[in-house]
Structure formats: structure tokens, C-alpha cells
Amino acid sequence: FEEKKAQFDRSALERRLDAEWIDVTLPAPGTRPGSLHPITQIRREIEQLFLSMGFAVLEGPEVETEYNNFDALNIPPDHPARDMQDTFWLDGGYLLRTHTSPVQVRGMKKLGPPLRMIAPGRVFRNEEVDASHEHTFYQLEGMMVDRDVSVAHLLYFMKTLLTAIFK
């Protein structure tokens, strides 16, 4: 009797498993909830604005060389920004970039003048975290190299950006 009962129970269990089986590797049915992070949304909006004005959007590595992050930007060896308390230094002379200016260095080498570019991205500072300081934040830099470029161009692009962002 016990053997028959075990066989029946196993058979009932197998039928139930067959009936309830689902392929967990398939995508879930219906609309997936969620949205883009606000930083991603505003970054894309700014990138589209500058693309529409003829700027290139360039990105670079977050782990940088000392040369690209400091030397190529004429930041001298004794500058406070190079201190351990301001920069996350890694082995082999590498560091977490402290600004997106190394992207400008790479952009000038790659594209040469005339040049219109922005460099959005995440940067890192060795800061004590408090209400007004964070060790990781986002930055956007712009660069325009050409003949007859003036402060009036800078003002125009700044006003255009602020008008677009704040509507």
C-alpha cells in the first residue's frame, strides 16, 4: 500500500509540476515598469541640444593617466589638485579622473581644430562626504576652438543651454 501511495504521490507531483512549469529565461509578459535615471535624462537632453548646434559629444575613460589628467592641462606637479586628499590615485600612475578635461585633450588630438565639443561624464574627488560634498559627481565641459571665437559665443551657448534646461 505504501509503495502504491508513493507512486501515486510522485505521479500527482509530476503532473502538478508539468502544469505549473514556466521558462524563467523568457522575458516577463506586459510592459516593464521603470524609467531612466534623472541624471541620464538631463544628460541626454543636453547632449541633443549641443549636437543640434554642431558640437561633437566625446567620452573618455574614467581611469586616466597622470599625463592626460594633469600634465597635458599644464597642472604643475606641486598643484594641490594632485594631492592624495584630492585625487584617487591607483597603481602605476593611474587615477580616477578628477574632471572631464582629459576628454578635451583626447578630442584635440583626435579631431584637431576647428573644434566644437562637449565632454559629459562622471568624475571623482577624494572628498570627505557631507551635505555639500560627494566623492562622485557629474560634470560637463565644452570647448570651441576656431578663428574669430569670442566671449560672445560663450555667452550665447550658456544662455541657450540655460534656456533649454530651465524652459
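Q: In which loop is proline 114 found?
A: This is a predicted model, in which local features need pLDDT of at least 70 and side-chain atom pairs count only at pLDDT 80 or more, while totals for chains, interfaces and linings use all residues. Residues are numbered from 1 along each chain as its sequence is written, and side-chain values use heavy atoms, with hydrogens and water left out. Helices (H or I, at least four residues) and strands (E, at least two) are DSSP runs, numbered from the N terminus. By these terms, proline 114 is found in the loop between helix 4 (101–111) and strand 4.

Q: What is omega for the peptide bond that joins proline 113 and proline 114?
A: Proline 114 belongs to the loop that leads from helix 4 to strand 4. The bond joining proline 113 to proline 114 is cis, with omega at about -10 degrees.

Q: In what order do the three strands of the open sheet stand?
A: Two strands pair if DSSP finds at least two bridges between them. On that rule three strands form an open sheet with mixed pairing, in the order 1-4-5. Each edge strand pairs on one side only, and these edge strands are strand 1 (56–57) and strand 5 (136–145).

Q: Which residue of strand 4 is the bridge partner of valine 57?
A: Strand 1 pairs with strand 4 (residues 115–124) in the parallel sense, over two bridges. Alanine 56 has methionine 117 as its bridge partner in strand 4. For valine 57, the bridge partner in strand 4 is isoleucine 118.

Q: How many bridges join strand 4 to strand 5?
A: Across this pairing, alanine 119 stands opposite glutamate 141 in strand 5. Strand 4 and strand 5 run antiparallel, and the number of bridges joining them is ten.

Q: How many of the ten residues of strand 4 are buried?
A: Buried means under 20% relative accessible area, exposed means over 50%, and partly exposed lies in between (1.4 Å probe, protein chains only). Strand 4 is mostly covered, and of its ten residues the number buried is eight.

Q: How many aromatic pairs are there?
A: Rings of Phe, Tyr and Trp (its six-membered ring) pair if their centres lie within 6.5 Å; planes under 30 degrees apart count as stacked, over 60 as edge-to-face and the rest as tilted. By this rule the number of aromatic pairs is four.

Q: Why does the pair of phenylalanine 50 and phenylalanine 55 count as edge-to-face, and at what angle are the planes?
A: The ring centres of phenylalanine 50 and phenylalanine 55 are 5.1 Å apart. The pair is edge-to-face because the planes are at 80 degrees.

Q: How many residues apart in sequence are the parts tied together by phenylalanine 55 and phenylalanine 157?
A: The rings of phenylalanine 55 and phenylalanine 157 have centres 5.0 Å apart and planes at 85 degrees, so this pair is edge-to-face. Phenylalanine 55 lies in the loop between helix 2 and strand 1, whereas phenylalanine 157 lies in helix 5 (residues 151–166), so the pair ties together parts whose separation in sequence is 102 residues.

Q: What is the relative accessible area of phenylalanine 157?
A: Phe50, Phe55, Tyr156 and Phe157 form one aromatic cluster. Phenylalanine 55 is buried, with a relative accessible area of 6%. Phenylalanine 157 is buried because its relative accessible area is 10%.

Q: Which residues touch isoleucine 75?
A: Isoleucine 75 lies in the loop between helix 3 (66–69) and strand 3 (94–96). With a relative accessible area of 16%, isoleucine 75 is buried. Contact means heavy atoms within 4.5 Å. Not counting residues up to four places away in sequence, isoleucine 75 touches Asn69, Phe70, Arg82 and His99.

Q: Is asparagine 74 buried or exposed?
A: Asparagine 74 is found in the loop between helix 3 and strand 3. Its phi is near 60 degrees, a positive value in a residue other than glycine. Because its relative accessibility is 68%, asparagine 74 counts as exposed.

Q: What is phi of lysine 167 near?
A: Lysine 167 is found in the segment after helix 5. Lysine 167 is exposed, with a relative accessible area of 75%. Its phi is positive, in a residue other than glycine, and is near 55 degrees.
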